[in-house]
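This report describes one protein chain for a reader who is new to structural analysis. Please examine the sequence and the structure below before reading on.

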Amino acid sequence: MSKQKKARALKDTEAKAVASVVQTTPRKLNLVAQMIRGLDAQPALAALTFSKKRAAQDVKKVLQAAIANAENNHSLDVDRLFVAEAYVGNSFRLKRFHARARGRGVKVVKLWSNLTVVVRERVEAAEEAK
């Protein structure tokens, strides 16, 4: 016996991609994710390509994966895609110590993140009226 098939969490016009362990703090990654929320897919890729933030490379890879998932797995039109959601969550934390003066140690916490990007196909105004 196998498990029952789980119902799809997203709508038929949506596709998702996830990066589960990104070596960037959630706060820094969220600044880049905030840049692309609500943008069309191609302008969002252009904005990430020319961004000076290091985290933009990771967000760009996940956005490209979401666009590829939409095109190949769900047969959505790439020209009508936009970034519906881009959110960041905490992953694990590495706890380290730095040696300091007079025999003391200072705790250093290295944060990692999870990134999720959901793209959705834009519905035309004429189709909404029907």
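## Overall arrangement

Read along the sequence, the chain follows the pattern β-α-α-α-β-β-α. It has four helices and three strands; helices (H or I, at least four residues) and strands (E, at least two) are DSSP runs, numbered from the N terminus.

This is a predicted model, in which local features need pLDDT of at least 70 and side-chain atom pairs count only at pLDDT 80 or more, while totals for chains, interfaces and linings use all residues. Residues are numbered from 1 along each chain as its sequence is written, and side-chain values use heavy atoms, with hydrogens and water left out.

## Dimensions and burial

The C-alpha trace spans about 75 × 50 × 25 Å along its principal axes. The radius of gyration of the chain is 19 Å, whereas a compact globule of 130 residues would have a value near 14 Å. This radius is taken over C-alpha atoms, and the globule rule is 2.2 Å times the number of residues to the power 0.38.

Of the 130 residues, 29% count as buried. Buried means under 20% relative accessible area, exposed over 50%, and partly exposed in between (1.4 Å probe, protein chains only).

Helix H1 comprises residues 26-36, and its buried residues are Pro26, Leu29, Val32, Ala33 and Ile36. They lie on the same side of H1, because they cover an arc of only 130° around the axis; the arc is that of the directions from the helix axis to the C-beta atoms. An α-helix has 3.6 residues a turn, so residues three or four places apart point the same way.

On the other side of H1, Arg27 and Lys28 are exposed. The cover over the buried residues of H1 includes strand E1 (14-22), helix H2 (41-49), helix H3 (55-72), strand E2 (81-99) and strand E3 (105-121). After H1 comes glycine 38, which has a positive phi, near 85°.

Is valine 22 buried or exposed? Valine 22, which belongs to strand E1, counts as buried because its relative accessibility is 6%. Leaving aside residues up to four places away in sequence, valine 22 touches Leu29, Asp58, Trp112 and Ser113, where contact means heavy atoms within 4.5 Å.

Valine 22 and leucine 111 are 89 residues apart along the chain, and their C-alpha atoms are separated by 9.2 Å. Among contacts in the chain between residues at least 6 apart in sequence, 70% join residues at least 24 apart.
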